[in-house]
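Here are my notes for your read-through, as numbered points. Keep the 3D view open and click along as you go.

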Amino acid sequence: MSTEPAVPAPRQPTMEGAALRAAFPILDQQVHGQPLIYFDNAATTQKPRPVVEALRHYYERDNANVHRGIHELSNRATAAFEAARARAAGFINARSADEIIFTRGTTEGINLVAQAWGSKHIKAGDAILLTEMEHHSNIVPWQLLAERAGARLLYLPVTGDIGLLDLGRLDDLLARRVKLFAMTHISNSLGTINPVADLCARARRLGITTLVDAAQSAGHRPIDVQEVGCDFLAFSGHKMCGPTGIGVLYGRQEVLEHMPPYQGGGEMILSVDFHHSTWKHAPHRFEAGTPDISGAVGLHAAMDYLDGIGRRHIAQHDQELGAYAYAQLSQLKQGIRLFGPHIGRAGLVSFLLRDIHAHDVVTVADQFGVALRGGHHCNQPLMRKLGVESTARASFYLYNTTAEIDRFVEVLGEIQKFFGAC
Ligand SMILES: Cc1ncc(COP(=O)(O)O)c(C=O)c1O
């Protein structure tokens, strides 16, 4: 059972909060006769009007294939697609738009690195270092690579329910023929915010390549890849107000230049003959086939939207909601097991109510209009380490309020009553 931190005072939704919610019409609805409380933002976020509007405008005015045509619409679509790339570079302070590869999302970005970079650089006997809190997307691609290459996977341990990395073990692990260190920035089930700049610096000193999984952080806080000092960083548009099907892989230019292609096809070649082809330079070498053009346009609008609010502001709001929810849950009279750090957590809480399965919590919460997630959250190895099969998770974003958290805690009380736990 957790300790009981002091409960921060509830913040009333500000005018700004109310105005923000107006940009998300989906939030204004009843589910099972109750006002919707959407707390499944770590899975995917809702989309504000400017993003939906950008998609509509693109399909109604500019739609054509990119890079191939000479006609007006193709030029417009190409300009919009490349403008999104430049915007993504600015969003994470990459030195050049050439460091931005459009992908389907974080998962594809990591697979791209595992296949293209990994097949060239990982040899038999080498090691790949991960942490025990990685999402399956940042484990399975490395397992596939390790099997192909005869390499080993090593894991930086997590310290139990409190969910911090055991940093005292890092230097020892890095010294074991590690060629790549891949780590999550924010854990999707613990809410831990990892010190990625420090982790990357410690790896870089030993010449180790680094990858940051920014799926849970890119839309939630400012990210500066030059400050982080990573070689690769991957994120998904749909977790930051953008459309599904589009994501970004940042790769440091010096690394991308020497990386072989990922997939073959149109768009990525300079010339093709029957037996041999030559490749474009990065990033186009890594974008075979027609890309998700409208997705890039929508992502551009999402980045503008988030920066219009200010990612520092969003990070502060997230952290306030995370701390408030953690403190409120700690006060529940009945047994609750809370996962992740007590302080300095991201805007999500993972928990188990005593004697009630996480899926039951989520199913009954849905009847009260509260959208949670229950399961292993694609963190099966971590769950096993913590000795649980699953947890229930509430994850917040810029449009959520402390009033919603109060209602959510009330609903958990109802659930405890329903299952006879009090
Ligand atoms: C930490 C983390 N990494 C990777 C992913 C995978 O993201 P996607 O499914 O958008 O590729 C997720 C999704 O929940 C995540 O939380």
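1. Let's begin at the ligand. A polar side-chain atom of H238 lies 2.7 Å from an oxygen atom of the ligand. The protein covers 85% of the 390 Å² of accessible area that the ligand has on its own. Bear in mind that this is a predicted model, and that every value in this note is computed from it.

2. Which residues come nearest to the ligand? There are 13 residues around the ligand, and T107, D213, Q216, S236 and K239 come nearest. Two of these are worth a click. The side chain of T107 has an N or O atom 2.6 Å from an oxygen atom of the ligand. For D213, a polar side-chain atom sits 2.5 Å from a nitrogen atom of the ligand.

3. Now the sheet. Seven strands make up an open sheet with mixed pairing, in the order β4-β10-β9-β8-β7-β5-β6. The edges are β4 (100–103) and β6 (152–156); each has a single partner strand, so one side of each is left without a neighbour in the sheet. On average, neighbouring strands of this sheet are turned by 20° against each other, ignoring direction.

4. A quick reminder before the pairings: strands of a sheet pair through backbone hydrogen bonds, either parallel or antiparallel. Here β7 (residues 178–184) and β8 (residues 209–213) are a parallel pair, with five bridges. To find one of these bridges, pick A182, whose partner in β8 is L211.

5. Follow β10 (247–251) next. β10 runs antiparallel to β9, and five bridges join them; L233 has Y250 of β10 as its bridge partner. β10 also pairs with β4 in the antiparallel sense, over four bridges, and there I101 has L249 of β10 as its bridge partner.

6. Is β10 enclosed or open to the outside? Five of its five residues are buried, so β10 is largely enclosed by the rest of the structure. G247, L249 and G251 point one way from the strand, V248 and Y250 point the other way, and all are buried.

7. Helix α4 (residues 106–121) lies across β4, β7, β8, β9 (232–236) and β10. Its direction is at about 155° to that of β9.

8. Have a look at N138, in the loop between β5 (127–131) and α5 (140–149). N138 is buried, with a relative accessible area of 0%. Its side chain makes a polar contact of 2.8 Å with the side chain of E134, and another polar contact, also 2.8 Å, joins it to the side chain of W142. Leaving aside neighbours within four places in sequence, N138 is in contact with I110, L130, A182, M183, T184, L211 and D213.

9. Finally, some backbone details to check. A cis peptide bond joins A282 and P283, with omega about 5°; P283 lies in the loop between β12 (277–279) and α10 (293–309). R177, in the loop between α6 (170–174) and β7, has a positive phi near 55° though it isn't glycine, and is partly exposed at 46% relative accessibility. D355, also not a glycine, has a positive phi near 65°. You'll find D355 in the loop between β14 (348–353) and α12 (358–367), where it is exposed, with a relative accessible area of 75%.

Terms used
Residues numbered from 1 in each chain as written. Predicted model: local features only at pLDDT ≥ 70, side-chain atom pairs only at ≥ 80, totals over all residues. Heavy atoms only, no water. Pairing = 2+ DSSP bridges. Helix = DSSP H or I, 4+ residues; strand = E, 2+ residues; numbered from the N terminus. Axes fitted to C-alpha atoms, helices over the stretch in contact; angles between N-to-C directions. Contact = heavy atoms within 4.5 Å. Buried < 20%, exposed > 50% of the residue type's maximum accessible area, 1.4 Å probe, protein only. Polar contact = N/O pair within 3.5 Å; in protein donor to acceptor, adjacent residues only side chain to side chain. Near = heavy atom within 4 Å. Areas by Shrake-Rupley, 256 points an atom, 1.4 Å probe, with all protein chains shown as cover.
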